[in-house]
Amino acid sequence: VNGPSFTIRKFSAEPLSVTQIVDWNTYSAQMAAYMWLCLEAGVNMFICGEIGSGKTSTLNAIMPFIPYNSKIYSVEDTAELFASHRVWQELLTRDTGIEETTVDTQQLLRAGFRSRPDYIVVGEIRGPEGNIAFQAMQAGRPVLSTFHADTISRLVQRFTGDPINVPIRFLTNLHAVLIQKSLYLQGRMHRRAIGLFEILGYSSEANTIITSGV
């Protein structure tokens with residue numbers, strides 16, 4: 001109302017490493033080791049949490065766990081990811097200009113199927129592109145992403161509701177979920193992982209997914 005407004009997000013010149021984040025007690029070395037095993041094995045994994053909980057920092061920190069010779073296909077609307085891999089297709093959405101020239105996340109994810117990547121990384125899932133991400137999982141492509149949900153139940157609510165609309169039984173294609181939160185401790189804000197969960201299956205009786213803490 002009173003003039004221009006800007007949001008500036010500052011990132012380190014060199015991406016944060018997992019060891020730095022472990023030293024800050026965001027998550028334990030055991031959690032980091034588990035995520036390493038997940039990425040080496042091509043497991044579908046989401047980093048979830050509230051705004052400002054450090055999801056993108058964690059995603060960047062664990063990207064080196066993807067085998068170096070793998071082909072990575074990433075999709076973002078703001079360039080925040082970093083991969084040092086030999087083959088990295090880094091794509092950005094475009095929402096400027098006339099409507100016919102816009103390119104959204106859904107379109108880029110669909111194009112990713114033709115590129116035949118080894119890993120698909122989505123900077124953040126917000127809407128219908130989440131449905132395409134689960135189609136990629138079902139097609140056998142490992143998917144990594146961040147998502148705004150601070151509990152497993154809220155993740156289920158958001159993915160099964162509008163506008164994403166993934167059938168709840170399909171959520172078993174997602175194998176692991178890390179939940180992070182922003183906490184104020186002794187007057188300072190800290191980012192902490194409050195849980196790392198495996199999705200074990202779907203219960204038709206309770207119409208819910210079955211999870212286990214790691």
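What share of the contacts in the protein with a separation of 6 or more comes from residues 24 or more positions apart? In this predicted model, such residues account for 55% of those contacts. Here is a short tour of the fold, the surface and a few backbone spots to look at.

**Overall fold**
- The protein contains six helices and eight strands, and along the sequence they come in the pattern α-α-β-α-β-β-α-β-α-β-α-β-β-β.
- Its radius of gyration is 17 Å, close to the 17 Å that the globule rule gives for 214 residues, so the protein is as compact as a globular protein of that length.
- The C-alpha trace spans about 45 × 45 × 45 Å along the principal axes.

**Burial, surface and charge**
- Buried residues make up 44% of the 214 in the protein.
- The accessible surface is about 11,800 Å², and carbon and sulfur atoms hold 50% of this area.
- There are 18 positive and 19 negative side chains, with the centres of the two sets 2 Å apart.

- Asn 165 has 37% relative accessibility, so it counts as partly exposed.

**The loop between α4 and β4**
- Arg 116 lies between α4 (105-115) and β4 (119-125) and, although not a glycine, has a positive phi of about 55°.
- Arg 116 counts as exposed because its relative accessibility is 66%, with the cut-off for exposed being over 50%.

Note on methods:
Residues are numbered from 1 along each chain as its sequence is written. This is a predicted model: local features need pLDDT of at least 70, side-chain atom pairs count only at pLDDT 80 or more; totals for chains, interfaces and linings use all residues. Side-chain values use heavy atoms; hydrogens and water are left out. Helices (H or I, at least four residues) and strands (E, at least two) are DSSP runs, numbered from the N terminus. The radius of gyration is taken over C-alpha atoms; the globule rule is 2.2 Å times the number of residues to the power 0.38. Buried means under 20% relative accessible area, exposed over 50%, partly exposed in between (1.4 Å probe, protein chains only). Contact means heavy atoms within 4.5 Å. Accessible areas come from the Shrake-Rupley method with a 1.4 Å probe; for residues, only the protein chains shown count as cover. Lys and Arg count as positive and Asp and Glu as negative; His and the chain ends are not counted. The place of a charge is taken as NZ of Lys, CZ of Arg, CG of Asp or CD of Glu.
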